[in-house]
Amino acid sequence: MELRKSYFADVRKDDLHEIGQPRPRLDSPGHVTGKTAFFADHNFPGMLHLKMVRSPHHHARIRSIDTSEAEKHPGVVRILTARDVPHNVYTILILIQIGPEDETVLADGKVRWRGEAVVAVLAETERAAQEAAAKVKVDYEVLPAVFDMEEALKPGAPLVNEYHGQNYYLYDSGECRKVRFGDVEAGFAQADHILEQSYQSSPIEHAPTETTGCVVAPEGNDRFTCYTNTQAMFFTLDNTSIILQMPGSKLHFVGGTVGGGFGGKVDVIVEPIAILAAKLTGRPVSFVYSREEEMQISSPRAAEKVVIKDGVMKDGRIAARKVTGYTDAGAYSRHSPYGAQKGAGHYPGPYTIPNVWIDTYCVYTNRTPSSAMRGFGVTIGDFALEVQMDKLARLIGMDPLEFRFINAYRDGDMKAHRQPTEGAALIECMQEASRAANWPVAEKYMAMSSYEKEA
Amino acid sequence: MAKVPIQFTLNGSEKAEFVESGATLLNALRDKVGDTSPKGGCHQGTCGACSVIIDGELRLSCLTLAETCSGAAIITTAGLAEGGVLHPLQRAFLDAFASQCGFCTPGMIMAAKALLDHTPDPSREDVVEALSGNICRCTGYEPIIQAVLTAARSNSQNVA
Ligand code: FES
Ligand code: FES
């Protein structure tokens, strides 16, 4: 595509000698020769294999755990339960003061989703660990579970996570993140048409070709090297330090080589327990998700529900927008309170709307905990918003692209969350798209600019 | 568990190991012989990351018992470069940005090599078919297909 030199000519440096040039990736020579070292390519003599006993129930109280048969299984070296974990209750974002700690490394007294880790088995071979894990007896009292966000928010719904005390994340603004701008009811009153629609998405698994995992080797001096495919090296280091109550100087993390992540490898899940296992046994430990675990256990993108109510004028201006967003965190927070909050800032879309009201809820259910995935908090919202934009255009009989020109944000416009717009390029992108897609719009839209308003 | 002796050639050099009966070739290569170029993405025959060439045929090493490979000639991506010079497939994958995270790459290159060994001048459809058992979640298949076609062309130029 031709770079249009006229756009932002005064604010742009035109010494972009890298753009448009093929540049080999620095790590490609290792990839094509098979020399790139992924975490699982590190192998140590005497390495133990860790397998998890997982909850078969969505929600249950643990009455008792009996590991005696499993301990006798040939090849088993050590079995870990919640008691062995120094600081068993954690939450990843505590590092940026997003609490409370609400998730257990190994379940303690209760499981809140099907697949939750309960007991860790360490054995000489993967097979022995798997067989022994099947011999761990856990006595469960099954509890009623809730899988639907709106059900979970109703009074009397089963309480998913006692650390929160209610089935939503309590923001400093209350039960949801709120954005209030202008007077949304007055906007609806003056609108020619009102359109309210709801949009829903299911969880999405990242499915990287390399599954989540780590290999830990004791260095012999109470220090541990952890080869990991985490996408969040320092989050993992600091959270591991909290969970194991060990200074970071004892933890040597090696990583950065990730066999596909897409956000699916930012949770702190495998490293703390594998390092603990290496510490308690004095042996190297490998903890690698099976493909089944990657699909069923690793966090997916959250299921979301977005309810959008818009008031639109016949001439194409959106007069008011009210959005209620729901993010399904599953049983634990992980990164979801942050994702839901991003949604709150994002829901007006790249449009200037004078009256906006937004509530976004981060909801707990007995589903697999969700977390980061490419643009989480925003991607599903964008799908909903742009489908809504097409519907609004159709409602007033206007070309959907021209409708977006009318509402596009431009430099100087105040956004609903009270950040003035700067460096907008939506108009110019749409002009280019109109040409590239051969979707002509009226000349006045082609003459518009993001940074210079017409008189 | 009883150990079984096996002997084979790996990229032309002789190897002899004791493996657990029932061990996969993937585990034997990675954990015993130390060739970690075949990757385990699923251990159930669905991703192709573990692809190797055994006696001229493309195989999934995660579904191949090591003990069935005695006497075999095994080729992996780690053995393709000769005297530090990249194989045309490796060169093409490098130049065409056909490898992003790189986890699928050794398996892709094996599948492509098995194709070019049998069909030196493949059509685009041949390439698509040959790579259909290999999953890539990052790069997108188009650059990979183009890389294989480029390698095929540079091969035939070398011969000519
Ligand atoms: S590891 Fe062999 S096909 Fe996936
Ligand atoms: S490059 Fe990552 S899976 Fe193919």
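How far apart do the C-alpha centres of domain 1 and domain 2 of chain A lie? They lie 39 Å apart. The model is a predicted one, in which local features need pLDDT of at least 70, side-chain atom pairs count only at pLDDT 80 or more, and totals for chains, interfaces and linings use all residues. Residues are numbered from 1 along each chain as its sequence is written, chains are lettered from A and ligands numbered from 1 in the order in which they are written, and side-chain values use heavy atoms, with hydrogens and water left out.

Let's start with the two domains of chain A. Domain 1 takes in 48-142 + 207-296, and domain 2 takes in 177-204 + 301-446; such bounds come from an automatic or database domain assignment. Across the boundary, 20 residues of domain 1 of chain A are in contact with 16 residues of domain 2 of chain A, where contact means heavy atoms within 4.5 Å. The area buried between domain 1 and domain 2 of chain A comes to about 1500 Å², and carbon and sulfur atoms give 56% of it. Buried area here is the accessible area (1.4 Å probe) that two parts lose on being put together, summed over both.

Next come the sheets. Strands of a sheet pair through backbone hydrogen bonds, either parallel or antiparallel. Helices (H or I, at least four residues) and strands (E, at least two) are DSSP runs, numbered from the N terminus, and two strands pair if DSSP finds at least two bridges between them. One open sheet in chain A has seven strands in the order 3-7-1-14-11-12-13, with mixed pairing. Its edge strands are strand 3 (76-80) and strand 13 (251-254) of chain A, each pairing on one side only. From one strand to the next, the twist averages 25 degrees. Within this sheet, strand 11 (residues 213-218) and strand 12 (residues 224-228) of chain A run antiparallel and are joined by five bridges; for C214(A), the bridge partner in strand 12 is T228(A). Helix 3 (residues 126-133) of chain A packs on the sheet and touches strand 1 (48-54), strand 3 and strand 7 (117-123) of chain A, with its direction making about 25 degrees with that of strand 1. Helix 6 (residues 233-244) of chain A also packs on the sheet, touching strand 12 and strand 13 of chain A, and its direction makes about 155 degrees with that of strand 13. Axes are lines fitted to C-alpha atoms, for helices over the stretch in contact, and angles run from 0 to 180 degrees between N-to-C directions.

Another open sheet in chain A has five strands in the order 9-17-16-15-10, again with mixed pairing. Strand 9 (177-181) and strand 10 of chain A stand at the edges with a single partner strand each, so one side of each has no neighbour in the sheet. Here the twist averages 5 degrees from one strand to the next. Nine bridges join strand 10 to strand 15 of chain A, and these two run antiparallel. H193(A) stands opposite V312(A) in strand 15 of chain A. Helix 10 of chain A packs on this sheet, touching strand 10, strand 15 and strand 16 of chain A; its direction makes about 150 degrees with that of strand 10.

Just after helix 10, G397(A) takes a positive phi of about 65 degrees.

Most residues other than glycine have a negative phi, and most peptide bonds are trans. In the loop between strand 4 (89-90) and strand 5 (103-104) of chain A sits P100(A), and a cis peptide bond with omega of about 5 degrees joins G99(A) and P100(A). Q97(A) lies in the loop between strand 4 and strand 5 of chain A, has a positive phi near 60 degrees, and is exposed, with a relative accessible area of 70%.

Definitions and conventions: Buried means under 20% relative accessible area, exposed over 50%, partly exposed in between (1.4 Å probe, protein chains only).
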